[in-house]
Amino acid sequence: MDTHVFASLAQIRVLLVPIGSISQQTFEKYASEIRTFDAIRLGDIAVEGTKDERARFQPKPLSTGYLHLSFPSHPPPHSHKALSLIRPSHFPLAIIGVATCSHSEALPDIISQFNGAVLDMFPPSGMYSLARNCFVFEEGSSSGISPSGQQTELTIFPEMMGNRKLHIGTLLGEICSQILEFWLIQRLESPIGNEYLNASLLPVLPLLTDMPPSLDSKDTLPPLPSHNSHPEISKSALSKVTPVMKRNSSLGVPTVRKRLSAIGAASSHGRLFKVMADFFLLAGRIEDALIWYTEAIQLLKSPLDSIWNASALEGMATIPILDSWSAGHGACTGREPWSDIADKLIQATAIYFKVPPSDVENYQFLSYLYCSCVLRHTPVVCNLVGKGWGPWPLQPCYSPGPRLLPPTLSHNENHGSWLLHLGPRERVGVLEAIASTYSFLGCILDLIVCGRQEDAHTNMRSFGNKGNVGIRLNESSDGNDSILRLLKHVCKVLGVNLDAIQIMEDKSDPRSHSEADDDSDVYREPFGWPELQIGVVRESVAVAEALPDFLAVAQYALSSLKTLQEFLEAGDQYHLYSTAARAMQIARRRGIMKAVEYWSGRPVVSIALAPLPFIRLPIEKPMSALKPRSSDSNAILKGGTDPFLYNPRRINATQGKPLIVRNEALEFIVIIQNPYVFDLELQSLSLNTSGVPFESNPTSLVVPARSYHRVILSGKALAIGSLVIRGCVVQAPGGVPREFVIPLATEEEEERLTHKRSAALCEAGRFKYSGLDNFPWERKNKSRNSGSGSSRSSKTMLFLECKVIPEQPLLRIRRTTVTHGALMLYDGEMSSIRITFENISPLPIDFVRLAFDDSTITPAQQALAEGELSVFETYETEYALIHRPVFSWIKNDSVAIAPGRKVTLTINCFGKVGCTEGTIHASYSYIHRNPDDDGEEASVFHTRQISYPLMVTVYQMLESHGMDILPYPSYPMSTDNVAQSNSNLFVEDNGAWCLFSLDITNTYGTPFEVSIERVQEDVPWGEILVNVPPGSTSRLVIPLKKFLLSDDHTSRPIPTLSDRQFVVDKTKLSDAEQKMQRELFWYREELFKSLRCQWREAGGTRYGNLSLRQQRLTLTMLETIRTERAGIQMSFVRSGDSTEPIEHRAGKYHPPCSELVYVRIKVTNLTTTALVFTLDVNIDPREHVIHDGILCDIPVGRLEAKDSK
């Protein structure tokens, strides 16, 4: 019988046959000595010196692996000949006869009997050539035995041999050397052999004499390399050959899914590579075997080669075990590759199970391969988990071990039709292995259930063309309820509540069993022994399936998943979930109107309203916002450009209820959790609301394993009012819908949950209940009853609540005059853009307000808020924000847009250096509506906002610098200069004027015309115009009349343009310095009011202002531009009564020498207040003048404003 050893695919079978009249006891004695050599080092195998193909599988020099042997005493049945190519390890490759002899005359008879036994068991038509030898053990001979002649197949072991075991090992090494020649591979490498190998599902090679010869002697496959076994080399060599021979119809190859029956058809080399890998695995060269297996699996993708693919996976699963075993020589001490091995075996089992039926004659072989794979998987779980590593890969699994079943065996898929199609010998072997496994696992109930299933399958028809339908002759439910009650009682005693999931009517109301206070996230104290509970749950589900009671199966499985989820392994969770789903489907097909309640704990984690698109977001405003305001500057300086400008980053979460619009779609984000290892399917998920009517469609989804899943549920409110989202209604496939209440995560709710968790942790470990009251479900009911009074007095839970407002209009931007959303300006340029808005809603719009934002506002506001600027810098920053905005418009409160109509608005643009982007915000609303229709409060209205972003590029092409104020030159006018009187530089009163000069540099590539205008009050208008070429600097000079500010005016502090009352100056100045700073500030402001600087593109239409605010006023400039307090006029007159004037030429007096003249001085008070004046006269050089009277402190007296004396 086959022992289904895990590593049997790597074991070379050496058949031990009794020869002659040897007794069974003696045979077993000598056979046991031979069986001690279960592994032979590759280095101990005799390697011939030949370099031909016979050395292909021979071990390489200094090899460190092992050759594994098994010594059965029974040959395989002749019916297994179909498995000779797909499973080479199933057949003996050597035969050793065991005989005893006491005299030499009996040796010829022993040889004759040995040859006859070999011919009887292995006819000449066999596929494998056998290495044969007969071991004759001497017994009771006095003179010794010596063979007569050369008997190479006969080995005599003298009775007195002292090192017989060593001699046996040497002989086995020689036998293994003969085995490793594998002459069969040379036949398969030929095109004809490869076509025979791919001819059918389980091919068989004919005799060498029966194979048709090749039509072309050169049409042969090149031999695969012997010592350099790389599949890519072999594959490239094989692909060059095209077979031309046709298949012979006498082969009797059955057609499987229209497989071509012609031998000349091109065939894949996947099967050949798989056979090569099997031979390398038997030869102990596991590295080469892994390479060939990998290449074979890549080629065996066709459904016709599925069982070859599965067999290759079995071989690959054997390699890591042998590799680790070889490293420890009998004790596998390497890394434990459990998951990789189990995955390959499970995949191979699944492939065997899903092989499409072909011919009836192949059923027994498919079933045998499938059952062998499952039973080979058994020791992996049974021995490795309990005993760890050891010699188990080469031994059968019939010793006591852990009580654990492999996943494939636990599904009971080895029974029924699979066993029915096995032959008698194979069926007995498989049943013996299953019974032995279940016996030491202690699963008596499984044996009973399997027996019932096997009895039911006796009436099952062939699963070929008739389908996989089982017919139960007698189905009676008598006594089922008693068995189920007994199962529930047994499980309750062990701490498993099979009634955790109730069975109820299919059309029940989900609100009747809602979970508003679920404790799935609260600590639950473990009760009982999880290993025992899981075992009894498995048995209970199996019994309920065998009755059958499908609702009970679903209830037991789902109750176990809910209560034992943290203790169940992944395979158990999969099994229980699939069993429950299958049971509910069958119950539904049978017309059972009951269903189970929802079982997966609390799936809904949270519910949140998805943010509305910005263009659809309603904003609530009070009616007072429509009243005219005195100034908008304070809002700009404090961070808000307009009360209608909505900034979501500054919105406060505690503002109130979120606003939604009636009859407009909105979305809710629902977070679903799945704590299980399988994908959780939800048949229906919908919102549970109260308040105004809400229209929503349920959705179905699949939640991935052990993850949080995000679901979007959409709907719309149908009336104005309050909409409350209480939670969700969840329904599993075949179950009853259930409501889950989701309160808001407020501080009170978090405190309540924290208190509940703390109470559960505090109560854990305290046995306050006795007897059966200590069960978790009993303690939970008692705690609920005791806490019902406090829960009623607790604060009402809060839910997500939305305010539904009336329908709102919707606006969109139809077109703009901006190309690609980019605006390019010169510094100080004045331009305009037009934006066309279209009303795409059925409601009119009677209110439109524009607000603006740009990249220069935020840094300026931040600098003002920090308060680190000086008083002068603060004023300049506020001036730039208020008087030099990038965007502006003329407000028009009469803008109205009818449904489907358009309106165009003009926005002024100003080029400001440093601006890179800007946004135009349009707020709009339908305010003047009939309140009786919508019932909206008259104190508020709602707006929507649409934004248009712009990329702004500002070029600085002109730079102003070198501002200066110079005294007006004083020289007399001659007749030659009369023409200059028409120039802008000519003024009559030289002392009352000064010259203003400014340097302009053109840093751009285009010439510009720059002009400075004089716009002083009560002063004639004047202008100077200069064309500034690219890269040059020009100076502009224009006369400016001096002015004088009063002391009250210059003593005022530097103002602030905001409402801030106090601006603390960071610089510590004295009173005199502070006074001087104020004078400089006010005279600078007055100077800028008197001038207007503009530029225009030469030959173009673009124009703008040139700012002078970067220039600074110095003390020298201040003294020059400020008017003097007194005016003095001097003249010379003759003494006495003479009226003859003194000669006066070119602004100079020429009095006569040595003649007394009078100096007449006229003093004028130029200020606006009365002042007392004194006069000092300075004569230079004094030694040339004789004067009469005093020259210093000449009293003038008090002069009123503008008076002269």
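Analyst: Tyr574, Tyr577, Trp599, Tyr676 and Phe678 form one aromatic cluster. This is a predicted model, in which local features need pLDDT of at least 70 and side-chain atom pairs count only at pLDDT 80 or more, while totals for chains, interfaces and linings use all residues. Residues are numbered from 1 along each chain as its sequence is written, and side-chain values use heavy atoms, with hydrogens and water left out.

User: How many aromatic pairs does the structure hold, and what makes the pair of Trp599 and Tyr676 tilted?

Analyst: There are 26 aromatic pairs in the structure. Rings of Phe, Tyr and Trp (its six-membered ring) pair if their centres lie within 6.5 Å; planes under 30 degrees apart are stacked, over 60 edge-to-face, and the rest tilted. The centres of Trp599 and Tyr676 are 5.4 Å apart and their planes are at 55°, so the pair is tilted.

User: Why is the pair of Tyr826 and Phe1008 called edge-to-face?

Analyst: Because the planes of Tyr826 and Phe1008 stand at 90°, with the ring centres 5.5 Å apart, the pair is edge-to-face. Tyr826 belongs to strand 21 (residues 822–826) and Phe1008 to strand 30 (residues 1008–1014), so the pair ties together parts 182 residues apart in sequence. Strands (E, at least two residues) and helices (H or I, at least four) are DSSP runs, numbered from the N terminus.

User: How do you know that Arg164 and Glu33 form a salt bridge?

Analyst: A salt bridge is a side-chain nitrogen of Lys or Arg within 4 Å of a carboxyl oxygen of Asp or Glu. The closest N and O atoms of Arg164 and Glu33 are 3.1 Å apart, so the pair qualifies. Arg164 lies in helix 3 (residues 164–179) and Glu33 in helix 1 (residues 24–35), so the bridge ties together parts 131 residues apart in sequence.

User: Is Arg164 buried or exposed, and what is Glu33 called at 23% relative accessibility?

Analyst: Buried means under 20% relative accessible area, exposed over 50%, and partly exposed in between (1.4 Å probe, protein chains only). Arg164 has 19%, so Arg164 is buried, whereas Glu33, at 23%, counts as partly exposed.

User: What makes Arg1109 a charge over the face of Tyr879?

Analyst: A charge sits over a ring if NZ of Lys or CZ of Arg is within 6 Å of the ring centre and within 35 degrees of the ring normal. Arg1109 lies over the face of Tyr879, at 4.0 Å from the ring centre.
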